[in-house]
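Here's a quick briefing to read with the viewer open. Take a look at the model first, then work through the notes.

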Amino acid sequence: MENAVQFYDYTRPELVRLLGEWGSPRHVGTQVFHWLYRKHARSFGEMTDLSRELRGELETKAALSPLKLHTRQASQDGTVKYLWQLPSDAKGQSALVESVLIPMARDEEGEPSRYTACLSTQAGCRMKCAFCATGVPKFQRNLTTAEIVAQIIGMEQDSGTPFNNVVVMGMGEPMDNYENTQKAMRILHDPEGLNLGRRRITISTSGLLEHIDRFIKDDWPVSLAVSLHSADPEIRSRIMPINRSNPLDKLRKLMRKYTFVRRLPVTLEYILLKDVNDRPEDADKLAAYCKDLLCKVNLIRYNPVPTLPFDSPTEEKVLAFREQLKAKGMRVFLRERKGVDIAAACGQLGFENTPAVK
Ligand code: SF4
């Protein structure tokens, strides 16, 4: 339905206001919000505690998920990758984005009992990190709030399992789509809906200084992760061009501000790239950079992308890197590889590995 109001674009107060303008009392907006996020309604017809007239009106004026499931791929390790088709723009151009459902724990029967959902915020990415598949194709567009939120709803409906954690680490730089992503996070956080607490949503940025500063002031209800990948300015600029205009020393200052204001550690993501940032001197530089910074480090083995000239270090080198950091008293975690066989792992999200839209 063209020009329909996208309900997943609306925070609860906005939905209450909108339905008020359409003539409904205040509680109806909250009732609809419950149907969207607590009861996972797939249509207005299912919202049985609304009057028949209102349900009919909503069917003509409003819409639920703007996403169409294009492809669903399941990994041997239980990870599921969803390829969503976005609505066409004014020129009739469509775009595809991916989200990933990652099993984090299993029950006695070996079935996944706890999931992390990984969301995308842009179709493509302007940051062009050298090791990442998402930055390769031309940037297409920002996702709307509804398109970000609907990824969660779609995955929850498909898997039948609520999530314990959400990470905004899929396609795109979330802070480059500041307003839409912020609003989506507030919707996911709302206690009347999915009720995901600050520690259960993590947003990852490549380090846009101005935006991080604004993020701290606006008090997004999420935790912060920064894709660091090197504490050496020359190496970081080579693999992350954004470092040239957003230098490491200023980034560190801002992260300290965040930890001070929020009283939370910042997570530093560090993808280990063979012969690029995996040497003992790289670990030393990282440790020095983290001195006096309330942080934990997530080490990630590089997940190969066939078209990119990077490789993962040997397991021996990965473990030695971790031990070197631990020996300096740092909190270090080595992230388990998930979804590599379906190109769903960190740095692999992109369009090369997926069929084209017909
Ligand atoms: S790593 Fe993140 S910020 Fe860098 S190109 Fe990929 S999606 Fe963009």
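This is a predicted model: local features need pLDDT of at least 70, side-chain atom pairs count only at pLDDT 80 or more; totals for chains, interfaces and linings use all residues.

Residue numbers start from 1 along each chain as its sequence is written.

**Domains**

- The protein chain is split into domain 1 (5-63) and domain 2 (68-342), with bounds that come from an automatic or database domain assignment.
- Between the C-alpha centres of domain 1 and domain 2 there are 32 Å.
- Across the boundary, 12 residues of domain 1 are in contact with 15 residues of domain 2; contact here means C-beta atoms, placed from the backbone, within 7 Å.
- On the side of domain 1 that touches domain 2, helix H2 (residues 26-37) gives the largest share, four residues. Helices are DSSP runs (H or I, at least four residues), numbered from the N terminus.
- By class, that side of domain 1 has three nonpolar, five polar and four charged residues. For the classes, Ala, Val, Leu, Ile, Met, Phe, Trp, Tyr, Cys and Pro count as nonpolar, Asp, Glu, Lys and Arg as charged, and the others, Gly among them, as polar.

**Ligand shell**

- Around the ligand you'll find Cys125, Met127, Lys128, Cys129, Cys132, Thr134, Gly135, Met171, Gly172, Glu173, Ser206 and Ser227. The cut-off is a C-beta atom, placed from the backbone, within 6 Å.
- That shell sorts into five nonpolar, five polar and two charged residues.

**H1 with H2**

- Helix H1 (residues 12-21) and H2 have axes that come within 8 Å and cross at roughly 130°. Axes are lines fitted to C-alpha atoms, for helices over the stretch in contact, and angles run from 0 to 180 degrees between N-to-C directions.
- H1 and H2 are therefore oblique to each other: angles under 35 degrees count as roughly parallel, over 145 as roughly antiparallel, 65 to 115 as roughly perpendicular and the rest as oblique.
- H1 brings Arg12, Leu15, Val16, Leu19 and Gly20 to the contact, and H2 brings Arg26, Val28, Gly29, Thr30, Val32 and Phe33.
- Sorted by class, the contact of H1 with H2 has six nonpolar, three polar and two charged residues.

**H4 with H5**

- Helix H4 (residues 145-159) packs on helix H5 (residues 178-189) at about 40°, with the axes 8 Å apart.
- That angle is why H4 and H5 count as oblique to each other.
- From H4, Thr145, Ile148, Val149 and Ile152 meet Asn180, Thr181, Lys183, Ala184, Ile187 and Leu188 of H5.
- The H4 contact with H5 holds six nonpolar, three polar and one charged residues.

**H6 with H8**

- Helix H6 (residues 209-218) and helix H8 (residues 248-262) have axes that come within 10 Å and cross at roughly 10°.
- This makes H6 roughly parallel to H8.
- Leu209, Ile212, Asp213 and Ile216 of H6 make the contact with Lys250, Leu251, Leu254, Lys257, Tyr258 and Val261 of H8.
- Seven nonpolar, no polar and three charged residues form the contact of H6 with H8.

Methods: Two residues are in contact if their C-beta atoms, placed from the backbone, lie within 7 Å. Helices (H or I, at least four residues) and strands (E, at least two) are DSSP runs, numbered from the N terminus.
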